[in-house]
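Colleague: Could you take me through how to read a few features of a model, giving the general idea before the case at hand?

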Amino acid sequence: MIRMIKRGLLVGVILYVTAVCAHELPLKWDQSWVSVWGRVNQLSDTLVNPQNQLGLAEQYITTRYYVTVEEAVSDGVSVYAVPRFTWDNRDGESLQYMDWDEAYMTVTPHPQVFVDVGKKNTRWGTAYAWNIVNIFDPDNRFVKEFNRFRDGVYAQYFDQSDRSISAIWFTDNGDYALRLNGQWGRTEGDVLYLNRDHHAMVGFDAARPLGDAWLVYMEVLAQQGTTALFPVAASAGRYDWLPTQSAAKTIYTQQVWGIQYTALSGTTIIGEYLYNAVGLSDADYAVFEKGMAAANKALQGWGAGFIGDAADGYRFAQFRRHYGFMRLDNPRILPHIGLALNTYYSISDGGFLLLPVITVAAGPRCQVTTRFFVPIGPADGEFKRFYTAYAAMNLQYFF
Amino acid sequence: MFKKWSKGVAALIIVGAIIAGGTMAVNTDGSDHPIGSDETPEVALSSALSPPVTQAVSIKAVAAAPLATTDIAPHADAAAILERVDGYRGYQEPFSMAITVTDRGTDGKPGNRLRFTAHIKDRGSSFLQYTYPPVDQGKLLLMVNEAIWFYHKKISKPLRLSQRQRLLGNVSNADVARANFAIDYTPQVRGFEVIDGQKALMLTLTAKHEQVAYAQIIMAVHPRTYRPILGRFYAASGKLLKTSTYDSYQRVGDGEKLQTMTIRDAILTDTQTQIEYRDYQLQALPPHYYNPDFLPRIRQLE
């Protein structure tokens, strides 16, 4: 491990010198260095994955060096790329590779029209914990250390006031979406049409301030039928994950309702509720429980497949029907220290997931973020089943 | 049924696109020029070598200045005076400036420091780009009328904030993002006062709406030049929140602009936060830069 860190530092120095030299070039060039030390990944040695039979990594050290390059190729054409060089060590096995955080070309045929081609981050929706209308990148960003964005074509038009129209087409599987964004008085929001896996959806979101300190917001996504898999008894003592054919004509909705309060001190308090019609009902969860109990006795046979499908299909805090979320955040609770207390609550089973995040500014260029991940509550609840407690430390340096 | 409905939504969005697209033809005025192109109207007015015009105001005078009026100016046009007051912090035209906010503790030593480039479109719209410290680079603060959005790459969407919310030390978001009082406050001339041995014209600024950072501001300005001297900022309850002194001015082109001001907490009077303004430039950005949906596209403006 020490050898790997030394190698990483050596490569980092070489890259840094290269980057300093590159400052002579007419490029916009920024760099940052991120190191994450983690202990025990999600799903390892949980009730879903007893004794880590799925073989998931438990300890990891990931160091990433980001270089942000932006260049105007010609009038109306620019390139934005963030290559990242990764040194990954999981359970003693090291791996080095280079990939792209974001990499796209922007064409501006008109000053108000932007067309991006490539791998790009999209940000849609008004909610904080669950951006359900952002179906193409649904993971919760702030609980993840690193993101993966998709390749596609993004077009956006801004009018002279405060409206914009966006269209996205993903090149990998043909998913696409249209979005109209704007402000109507003090209310801002979106109307969306989305097509994922040839499945049409419509969405709507809005946010409106109440007085100076309060903000209320909501997101709704509706679809006919669902592509989600549900646990079913395939035969006596054997379970499987299958689409619910009989519900193909049912209209499913996901709804997020939230409220935000900002105090004079800089503290922000956010409360959110998610209703997730495509999640497991209490009856479905009972089948899942039976399936887990049976699968654990048949790990050498079909059981591993059932557990593997559960792990693959699991979406963080969108497994059941009802969830709550609370966040208290103050980026400068002390002169150099920020604190965010995030809590997910699975209303269906009474389980909690605590995610405190402490950020320490160690000088103007260095930031250390420590994140804890602590599931508490009933042992048969979702969070306890899928997660064990772990901590991750993130050291970030900006050159 | 659902398919028809979803197709209807898609059609609505497309119709919206067509309607909005119809405005493109008329949106080709000067503001459409790409940033940094030769056609961008940009006039550098800052004069770094000009000595600051300093005015001395004691802390004591701010904290305990009496409000007994010694004279009344019955013919004074309060709105016109406030226009002149605002003129010391900016222009009628779109402009940009560099802002440094330094928090000083009770010992007066510099503590946390933030630097921004502020782009002001008009009285209601402005945005700040964090330029220092490096860990904060890429953060943006957009203010449109009474609404403020904070954007950072790490968060999933622009986050709505409050005008009153503390930015650093004693300074709120509005103290930095808003370059004028006229849009949010109705002025009234109170009369004259003697502050630190100098005669000052006193103005009362009353909030026009409840989203504004302060319910009332009492401001002392120079009786002839209307240069701000000090301000007292009150909550809706009447409680004094903070005070400010306008410490120095600088020559910019043919006029004077504010260079430094100091904001002190009304209770912890030993703590002070200094705001420094420099590099005033007339600079117009396209209107959509002040759209919250555009924030993720703003990276480094030069």
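Colleague: Which residue in the turn of the β10(A) and β11(A) hairpin has a positive phi?
Modeller: Strands are DSSP runs of E of at least two residues, helices runs of H or I of at least four, both numbered from the N terminus, and two strands pair if DSSP finds at least two bridges between them. Here β10(A) and β11(A) form a hairpin with three residues between them, and A:Gly211 in the turn has a positive phi of about 70°. This is a predicted model, in which local features need pLDDT of at least 70 and side-chain atom pairs count only at pLDDT 80 or more, while totals for chains, interfaces and linings use all residues. Residues are numbered from 1 along each chain as its sequence is written, chains are lettered from A and ligands numbered from 1 in the order in which they are written, and side-chain values use heavy atoms, with hydrogens and water left out.

Colleague: How many bridges join β10(A) to β11 (residues 214–224) of chain A?
Modeller: The two strands pair in the antiparallel sense over 10 bridges, and A:Met201 has A:Gln223 in β11(A) as its bridge partner. β10(A) also pairs with β9 (residues 187–196) of chain A, again in the antiparallel sense, over nine bridges, with A:Tyr193 opposite A:Val202. That hairpin has two residues between its strands, and A:Asp197 in the turn has a positive phi of about 50°.

Colleague: How many residues of β10(A) are buried?
Modeller: Buried means under 20% relative accessible area, exposed over 50%, and partly exposed in between, with a 1.4 Å probe and protein chains only. Strand β10 (residues 199–210) of chain A is mostly covered, nine of its 12 residues being buried.

Colleague: How many aromatic pairs does a search of the whole structure find?
Modeller: Rings of Phe, Tyr and Trp (its six-membered ring) pair if their centres lie within 6.5 Å, and planes under 30 degrees apart count as stacked, over 60 as edge-to-face and the rest as tilted. The search finds 42 such pairs over all chains. The rings of A:Trp130 and A:Phe325 have their centres 6.2 Å apart and their planes at 75°, so this pair is edge-to-face. The pair links distant parts of the chain, 195 residues apart, with A:Trp130 in the loop between β5 (113–119) and β6 (151–158) of chain A and A:Phe325 in strand β16 (residues 322–334) of chain A. Both A:Trp130 and A:Phe325 are buried. A:Tyr345 and A:Phe352 form a stacked pair, 4.6 Å centre to centre with 20° between the planes.
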